[in-house]
Amino acid sequence: MRPGRDPVRTVLFVFLALVLIFMLAPIGFVLVYAFSSVSYAIFPPPGYSIRWFVKLFQQEALFRAALNSLIVAVAATGISLLAGTLAALALVRYRFFGRELLRAVFLAPLIVPRIAFGVAMMIYALLLRRFGGLDSLILAHLMVTLPFAISILSATLVAADRSLEEAAMDLGATPLVTFWKVTLPQIRTGLAVSGFFAFIISWDQVETSLFLVKTANKTLPVEMFYYLQRQQDPVIAALSTFLIAVAVIVAVVAVATVNPRDLQRLLAAGGR
Amino acid sequence: MARSEVLPAISRRGWRVAARRYAHLPLLAPSVVASIAVFWVCMAVLITISVYPFLPGPARFTWAAWQRFLGDPFYWSVVGVTLRLGAVVTVLSLLIGYPTAYAMSKIRRPGWALAAYLILFAPILVSVVVRTYGWLLLLSQTGAVNYVLRTLGLIQTPIPLIFNMTGIVIAMVHILLPFMVFPILSVVGQLTPDLKEAAQDLGANRWQTFRRVTLPLTLPGVVSGAQIVFTLTISAFVTPFLMGGGRVQILSGLIYRDMEAVNLGFAAVVALVLLVLAMAILAVSNQLVRRSYVRAEVSGA
């Protein structure tokens, strides 16, 4: 049966097309308004200009925030991958008392609403007199990214071939050499995917960061959020064109390199 | 002579056995330390601060913040609005997401399938703030949606689509739809055609096949998608706050308001109420799933 012959199939695909338009619409309109000649949202824009890009490059606060976001995201991702790999190895390769409890201890932050954790983290940072620094932000983001890294890497390790590791050990390789030469190459995809997720989650984190920031350590999404509350001129749209461009490149690379089935499974598992 | 050669060998082996038995401890240490010292202590701090508010003034034990929340019908109505928002967004996401996942699994050309994936998946990479801003632009009084509706003659005056519940729901469904589609897609993809063929051979029509075969088999995906969407909706802040324009009050907005006012004790209470709601919903839905499986097994036997 060719597509189009079957009415149910046609209806389904028309519906899918509408949903995909719905998914793209707000992003497309942000791109249009970045080139609008007026500061307010009117459709169709009365004219086109690049004045919002000019104004964007005068916004020092946004650039400082972008740099902060980058530092925090790289740090949270790096620590998540290191600590997450070690923890996943222990959870998957060893049998020990309290393993299931420990798994729950690690994954619990996924259940807690992020804004609730943000409140707790702000009060904690205040008590420790670490409020307003990048370190408290990195730790807060780490709590959100680490559970992802542990669960994705555990799933990858379960799928990795254990007999290869045993063979290497029997042939006299030390545990460290075995990990480096045998285990690591097998979990490379898991590492890439969990690193990718950790970075995206940290980069786009508002609720967790919101109460932890002062002027000096604002992250990009938080700064954009405050900017939108002050004024809604298309500076944010101009900035978004760059962010969207990066996202599109990243998405194309991700879809091209990661097996769609893996991606699907990971997205299904990593809802939060 | 022989003895002194054997002994180090044994002790070395003993050391290696011990190293193997306790090798997981150093592996776990960084994550355990980080998780307890940050997350779990944070949770303890949150509970403590809700009864020991230290700002303003010195800390002393009081139920005042809890009494204020639990005793005021306004806060209960905010809980009600939050749960209703969660329910509406979840149901709409399901009604849109299920056929979307089903249609995506039916795409035959790999190129088209990839494009559909990309369009559904890429928005997750764009900041929530940007996507919400896009909806503000689209749905404003002078925005594209009102323009199209007016040009088509469907409405005379622009209808308010932002700064109310409608705007929040539209933007939330957009943001959470991928989280509904992917779990469903991962179970729809595992369906084998033979069960459907068997049902049709036994005389079931399309609707009956869907209702009795496809739907029950895809229920786990539906449930996990619904859980994710519901819990993310009730705890979302940015989108409801910007789309609601301060006119729709939900729990996350209350938290923000009280944090801005440095009302930490009360903010902690609202945060804990939100946490309890999220956990209760997960527990109840897990229970429902387990029971429905048991029932299915019983009726199948």
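Q: Domain bounds come from an automatic or database domain assignment. Which domains does the assignment give for chain B?
A: For chain B there are domain 1 (1-51) and domain 2 (66-300). Before going on, keep in mind that this is a predicted model, in which local features need pLDDT of at least 70 and side-chain atom pairs count only at pLDDT 80 or more, while totals for chains, interfaces and linings use all residues. Residues are numbered from 1 along each chain as its sequence is written, and chains are lettered from A and ligands numbered from 1 in the order in which they are written.

Q: How many residues of domain 1 of chain B are in contact with domain 2 of chain B?
A: First the term: two residues are in contact if their C-beta atoms, placed from the backbone, lie within 7 Å. By that rule, four residues of domain 1 of chain B are in contact with seven residues of domain 2 of chain B. The centres of these domains, taken over C-alpha atoms, are 42 Å apart.

Q: How many helices and strands are there in chain A?
A: Both are DSSP runs numbered from the N terminus: helices are H or I with at least four residues, and strands are E with at least two. Chain A has twelve helices and zero strands. Its C-alpha trace spans about 75 × 70 × 30 Å along its principal axes.

Q: Which elements of chain A touch chain B?
A: Start with the totals: 78 residues of chain A are in contact with 76 residues of chain B. Among the elements that give two or more residues to this side of chain A are helix 1 (7-34), helix 3 (60-93) and helix 6 (134-159) of chain A. Helix 1 of chain A gives the largest share, 17 residues.

Q: How does that side of chain A divide by class?
A: Ala, Val, Leu, Ile, Met, Phe, Trp, Tyr, Cys and Pro count as nonpolar, Asp, Glu, Lys and Arg as charged, and the others, Gly among them, as polar. The side of chain A that touches chain B has 67 nonpolar, five polar and six charged residues.

Q: Is A:Ile50 buried or exposed?
A: A residue is buried if 20 or more other C-beta atoms, placed from the backbone, lie within 10 Å of its own, exposed if 12 or fewer, and partly exposed in between. A:Ile50 has 12 other C-beta atoms within 10 Å, so A:Ile50 is exposed. You will find A:Ile50 in the loop between helix 1 and helix 2 (51-56) of chain A. Over chain A, buried residues make up 42% of the 272 residues.

Q: Why is helix 12 of chain B largely enclosed by the rest of the structure?
A: Because eight of the ten residues of this helix (residues 251-260) are buried. Among them are B:Leu251, B:Tyr256 and B:Met259. After helix 12 of chain B comes B:Val262, with a positive phi near 50°.

Q: How do helix 6 and helix 8 of chain B pack?
A: Two packed helices are described by the angle between their axes and the distance between the axes. Axes are lines fitted to C-alpha atoms, for helices over the stretch in contact, and angles run from 0 to 180 degrees between N-to-C directions. Helix 6 (residues 128-139) and helix 8 (residues 165-188) of chain B pack at about 135°, with axes 10 Å apart. Angles under 35 degrees count as roughly parallel, over 145 as roughly antiparallel, 65 to 115 as roughly perpendicular and the rest as oblique. These two helices of chain B are therefore oblique to each other. Their contact includes B:Trp135 of helix 6 and B:His174 of helix 8.
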